[in-house]
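User: I should like to learn how to read the packing of helices, the backbone angles and the surroundings of a ligand in a structural model. Please give the general idea before each case.

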Amino acid sequence: MLSYSLRPKTARTVFPDTGPSGVPSPFCEGSPTRLTACSPMASDLFTPLRLGPLELPNRVWMAPLTRSRAEADHVPGALMATYYAQRASAGLIIAEATMAIEGHSAFIREPGIHSAAQIAGWRLTTEAVHAAGGRIVLQIWHGGRACHPLLNGGLQPVAPSPIAITGDEIHTPEGKQPYVVPRELADGEIPAIVEGFRQAACNAMAAGFDGVEVHGANGYLLDAFLRDGSNRRSGPYGGPLENRARLLLEVIAAVRLESEVVGLRISPLNGYNAMVDSDPIGLSTWLAERLNAAGLAYLHVMRADFAGLQHGDVLTPIRRHFGGLLVANMGYDVEEANAAIGAGAIDAVAFVTAFLANPDLPERLRLGAPLNGPDPATFYTPGPVGYTDYPALAVPVA
Ligand SMILES: Cc1cc2nc3c(=O)[nH]c(=O)nc-3n(C[C@H](O)[C@H](O)[C@H](O)COP(=O)(O)O)c2cc1C
């Protein structure tokens with residue numbers, strides 16, 4: 001299963017708009033791009049934010065988080081609804097990676113959004129979150145070469161090029177297995193993938209989500225096309241960046257037909273799933289510029305590498321070249337998050353491990369209350385233990 005570390009091992013990003021102490025000045029000396037005029041009050045994690053038609057009460061987002069709690073046939077159940085409703089105080093919940101197209105599962109018990117039963121199952125979650133006052137979008141994905149035949153009725157995974165993930169194993173019903181060499185997708189098969197994402201977005205809206213996030217990160221299919229370590233093909237989807245990004249941009253355009261709120265998650269530096277690119281900063285800069293025309297509600301950037309091997313500052317060029325709402329993730333604490341938002345370097349922060357263990361995370365951060373620690377042993381185990389039993393603060397403090 002995933003071996004995500006709880007914090008990236010890279011050095012922290014130093015944002016460009018901080019003073020000598022590293023703390024941004026809230027008045028007048030802010031970001032040359034964002035806080036140019038005197039601003040009476042700098043924003044922080046607790047400043048409301050507009051996201052298309054959605055009014056977010058804070059900027060403490062819940063990042064997508066696979067928990068392997070779906071029922072048979074990848075159908076989300078009532079337990080998942082409880083879990084997400086507990087976290088409804090997030091500015092925005094981005095629900096976990098969810099299979100857009102049947103036959104491309106990379107996790108045991110991962111949810112899907114390609115069947116009527118899955119749509120009905122997800123409706124339990126969206127209704128529970130909305131009833132609790134929250135907002136929720138669905139992360140839709142295709143696992144690409146991270147899928148395994150033992151999770152998909154014997155189907156060989158597909159990818160831009162026939163290059164297997166190395167250095168890790170995948171959990172299957174028959175125990176841990178090496179990743180297999182994927183089959184190279186023919187150009188003629190790509191329209192069906194784009195259409196699968198469009199249909200998944202349509203299904204997500206039918207299930208009551210407030211939008212979707214396209215999973216373009218962590219080495220799964222769209223990211224595998226984007227980065228040149230995993231994309232060695234020629235033709236319209238290989239070679240120069242404009243070709244490697246073609247599938248991602250086609251998917252975003254298709255998904256936008258179905259949903260007003262479409263986010264995109266990318267991880268240009270993350271080496272997870274044996275990913276690498278020869279020029280992650282160049283890729284980030286080019287993509288940020290190109291995404292201005294894509295109609296995204298937000299761009300969600302994982303800023304570092306789980307393994308700590310690939311370094312760099314991707315957020316600064318992305319902020320400079322992308323005019324839309326920018327959400328950052330990986331290893332933030334409340335001080336750094338507030339400083340970065342206050343400086344105008346980012347607009348919101350998505351938290352994972354902190355949200356996993358603290359259903360009332362925004363309130364705890366606001367109060368400076370202690371945080372429950374996450375239990376990695378129950379990240380992916382079935383049932384409520386380590387899922388819906390993390391306690392909220394006993395007595396909310398005014
Ligand atoms: C248990 C677990 C499951 C995750 N599942 C997903 C997922 O479904 N989709 C995704 O894009 N990232 C996933 N991630 C990565 C997180 O969204 C996030 O990028 C990472 O944990 C770093 O955030 P943090 O520093 O706030 O913990 C997962 C991480 C963990 C620990």
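Analyst: A definition comes before the case: axes are lines fitted to C-alpha atoms, for helices over the stretch in contact, and angles run from 0 to 180 degrees between N-to-C directions. Please also note that this is a predicted model.

User: At what angle do helix 3 and helix 6 pack, and how far apart are their axes?

Analyst: In general, a pair of packed helices is described by the angle between the axes and the distance between them. Here, helix 3 (residues 190-206) packs with helix 6 (residues 246-256) at about 35°, and the axes are 8 Å apart. The crossing of helix 3 past helix 6 is right-handed.

User: Which residues make that contact?

Analyst: Helix 3 contributes Ile-190, Val-194, Glu-195, Phe-197, Arg-198 and Ala-201. Helix 6 contributes Leu-247, Glu-250, Val-251, Ala-254 and Val-255. By class, the contact has eight nonpolar and three charged residues, and no polar ones.

User: What span should helix 3 have, and what is the distance between its end C-alpha atoms?

Analyst: The expected span is 1.5 Å times one less than the number of residues. Helix 3 has 17 residues and should therefore span 24 Å; its end C-alpha atoms lie 25 Å apart, which agrees.

User: Which residues of helix 3 are buried, and against what do they pack?

Analyst: A residue is buried if 20 or more other C-beta atoms lie within 10 Å of its own. In helix 3 these are Ile-193, Gly-196, Phe-197, Arg-198, Ala-200, Ala-201, Asn-203 and Ala-204. They pack against helix 2 (116-131), strand 5 (136-141), strand 10 (212-216) and helix 6. For the chain, buried residues make up 51% of the 398 residues.

User: Let us turn to backbone angles. What is the phi of His-74, and where is His-74 placed?

Analyst: Most residues other than glycine have a negative phi. His-74, however, has a positive phi near 65°. His-74 belongs to the loop between strand 3 (60-62) and helix 1 (78-86). His-74 counts as buried because 21 other C-beta atoms lie within 10 Å.

User: What is the phi of Asn-273, and is Asn-273 buried or exposed?

Analyst: Asn-273, which is not a glycine, has a positive phi near 65°. Its place is the loop between strand 11 (262-266) and helix 7 (280-291). Asn-273 has 25 C-beta neighbours inside 10 Å and so counts as buried. A glycine with a positive phi is Gly-208, which follows helix 3 and has a value near 95°.

User: Which residues are closest to the ligand?

Analyst: The shell is read first by its members and then by their class. There are 22 residues around the ligand, the closest being Pro-64, Thr-66, Ala-97, Val-352 and Thr-353. The shell comprises twelve nonpolar, seven polar and three charged residues.

User: Where is Thr-353 placed, and why does Thr-353 count as partly exposed?

Analyst: Thr-353 is in helix 10 (residues 353-357). Thr-353 has 19 C-beta neighbours inside 10 Å and therefore counts as partly exposed, since a buried residue needs 20 or more. Thr-353 and Gly-331 are 22 residues apart in sequence, and their C-alpha atoms are 9.3 Å apart in space.

User: How far apart are Gly-342 and Thr-47 in sequence and in space?

Analyst: Sequence separation and spatial distance are read together. Gly-342 and Thr-47 are 295 residues apart in sequence, with 10.0 Å between their C-alpha atoms. Gly-342 is in helix 9 (residues 334-342).

Note on methods
Residues are numbered from 1 along each chain as its sequence is written. This is a predicted model: local features need pLDDT of at least 70, side-chain atom pairs count only at pLDDT 80 or more; totals for chains, interfaces and linings use all residues. A residue is near a molecule or strand if its C-beta atom, placed from the backbone, lies within 6 Å of it. Ala, Val, Leu, Ile, Met, Phe, Trp, Tyr, Cys and Pro count as nonpolar, Asp, Glu, Lys and Arg as charged, and the others, Gly among them, as polar. Helices (H or I, at least four residues) and strands (E, at least two) are DSSP runs, numbered from the N terminus. A crossing is left-handed if the near helix is turned anticlockwise from the far one by less than a right angle, and right-handed if clockwise. Two residues are in contact if their C-beta atoms, placed from the backbone, lie within 7 Å. A residue is buried if 20 or more other C-beta atoms lie within 10 Å of its own, exposed if 12 or fewer, and partly exposed in between; C-beta atoms are placed from the backbone.
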